[in-house]
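Come along with me, one entry at a time.

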Amino acid sequence: MSFKRVIQPCDAKPIKIWTEQVEESAEKQLRNLSRLPFIHKHIAVMPDVHAGIGSTVGTVIATKRAIIPAAVGVDIGCGMMAVKLNITASQLPDNLAKLRSRIEVAVPHGRTDNGGLGDRGAWGSTPFDVVAAFRQNGETTLFNRLLKITNKHTTLQRAEKRAPYHMGTLGTGNHFIEVCLDTEQNVWVMLHSGSRGIGNKIGGYFIEQAKDAMERWHIELDDPDLAFLPQGEELFDDYIEAMTWAQDYATTNREVMMKATLGSIQNEIPNVKVVETAINCHHNYATMENHFGENVWVTRKGAVRARQGDLGIIPGSMGAKSFIVRGKGDPESFCSCSHGAGRRMSRTAARRQFTKADLEEQTLGVECRKDEDVIDEIPSAYKSIDEVMANQEGLVEVVATLKQILCVKG
C-alpha cells in the first residue's frame, strides 16, 4: 500500500490519497467527484493535488462509459518534453542571457492571439515548414482531422483558422522552456506546453455542451463543472474525436518547439546533438485503459502515466529541481504519478504576497525573467517538490535529477 490515507464518503467510491495534506476546497471537490455513479473503483489523488475547476488538479479519474470534459480541462494534452544533449555545463557560455534571447526569438511565447488569419499569426509570419507540416495532404493529417470536427461543430471554425499559426508556440502561465543540468553536469532541455488556443476552444465548447446536456436530461450535480457525456451518445463520440485530436496537436506542438530550441542552442554551440530518446508525455488528458480487469476511460488531470518502465517528467517550480522518472506501475494509482510540485497558493495570492525582490532572490542563479509580470510563478507559490517526490516513492523511481539554469516563461 503506497497511498498515505483513504477518505470513504457515504454512498460513494473511496478516495485514495498520496499526501497527508489536502486543502479544504480540494477535499470538497474530491468528495463531489466520488459520488458520481460511473466512477471506477476509487479516485487516485496525487501528492501535488490542489483545487481546480470542477475537479482537483493532481487527480486520476477512472470512469465507466462516461467522461467529464471539465476534468480533462481546456489545456487538452498539456504536458512535458525533455531531451539529454551531448554537452556538459563547461561547454555552455558563461553568460546565458544571449542564449535565452535566441530561444525567445525562436519560440513565440506569452499571448499569441494577435492573428491566426491569412498569413500572419502567433509568429508574426509563421515559418512555411510549420504550416506545411500542419496542412500536408492526407486524411490523417492534423489539418484534415480538424476539418472533420469543425465542419460538424461550426462554432470551432474560427479557432480552426488559427490552429496552424499557434503550432510551435509556448503560451502563457506556467508554460516554460528550460535548460537544465543533471547531477553529472550533463545538459538537458525541457519544455512544458499543450494544445494552445485551439485546445482551449475545444475544451470550453464541449464543457458547455455537457452542461447543456445535463439540463436537457434533468440531471442535477454537486458542481455544474462535473457535467459528463455518456458513452453511446453522439456528443460523446464527437468529444473523444476532438479531444484526441487536441492531444495529438499538443504532442506535435512540443516537438516543433523542441526543434526550434535545439536550433537556438546549436547557433551558440556547434555540433550539439540529442543523445537520449526524447520523452514526450501528456499530463492533462484522457484515454482508454484497462484497470482492475475492465476497460475504462482514465482522465489524468495534472498526472502522468507511470506504468512499469514508463519514463516521465516531473518538474519543480522555476528555480527548483525537476526529475526524470521511471514508473513502477502501481495499480492503486491507476499506474500514475504527479505532474509537478502543484500550486500551494493562487496566482492572485502570490502577486499580493511577493515582490520583485523576492522573485530575484528565489531564482538566483537562473537566467530568466525577473519582472513583476511573472511574480505569480515564484517558487514559493508552489509546493515543495522534494516533499511531493517523497510522497510518491511507491509510484516512480528517479532516473535523473535536474536543476534549471535557464528558463523562458510565457
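**Helix α5 against helix α8**

I began with the crossing of two helices, and I found that α5 passes α8 in a left-handed way. Keep in mind that this is a predicted model. I looked up the geometry next: α5 (residues 142–152) and α8 (residues 234–268) pack at an angle of about 150°, and their axes are 10 Å apart. Angles over 145 degrees count as roughly antiparallel, so α5 is roughly antiparallel to α8.

Then I listed who touches whom. From α5 I noted Leu142, Arg145, Leu146, Lys148, Ile149 and Lys152. On the α8 side the contact includes Glu234, Asp238, Glu241, Trp245 and Tyr249. Sorted by class, the residues of this contact are 6 nonpolar, 2 polar and 7 charged.

**Helix α6 against helix α7**

My next stop was α6 (residues 157–166) and α7 (residues 196–216), whose axes come within 7 Å and cross at roughly 145°. Here Ala159, Glu160, Ala163 and His166 of α6 meet Arg196, Gly197, Ile198 and Lys201 of α7. I sorted these too, and got 3 nonpolar, 2 polar and 3 charged residues.

**The sheet**

In what order do the 7 strands of the open sheet lie? I read it as β10-β6-β8-β7-β17-β15-β14, with antiparallel pairing. At the edges I found β10 (279–282) and β14 (311–314), each pairing on one side only. On average, neighbouring strands are turned by 30° against each other, direction ignored.

I also noted that helix α3 (residues 97–106) packs on this sheet and touches β7 and β17 (396–409). The direction of α3 makes about 90° with that of β17.

Terms used. Residues are numbered from 1 along each chain as its sequence is written. This is a predicted model: local features need pLDDT of at least 70, side-chain atom pairs count only at pLDDT 80 or more; totals for chains, interfaces and linings use all residues. Side-chain values use heavy atoms; hydrogens and water are left out. Axes are lines fitted to C-alpha atoms, for helices over the stretch in contact, and angles run from 0 to 180 degrees between N-to-C directions. Helices (H or I, at least four residues) and strands (E, at least two) are DSSP runs, numbered from the N terminus. Contact means heavy atoms within 4.5 Å. Ala, Val, Leu, Ile, Met, Phe, Trp, Tyr, Cys and Pro count as nonpolar, Asp, Glu, Lys and Arg as charged, and the others, Gly among them, as polar. Angles under 35 degrees count as roughly parallel, over 145 as roughly antiparallel, 65 to 115 as roughly perpendicular and the rest as oblique. A crossing is left-handed if the near helix is turned anticlockwise from the far one by less than a right angle, and right-handed if clockwise. Two strands pair if DSSP finds at least two bridges between them.
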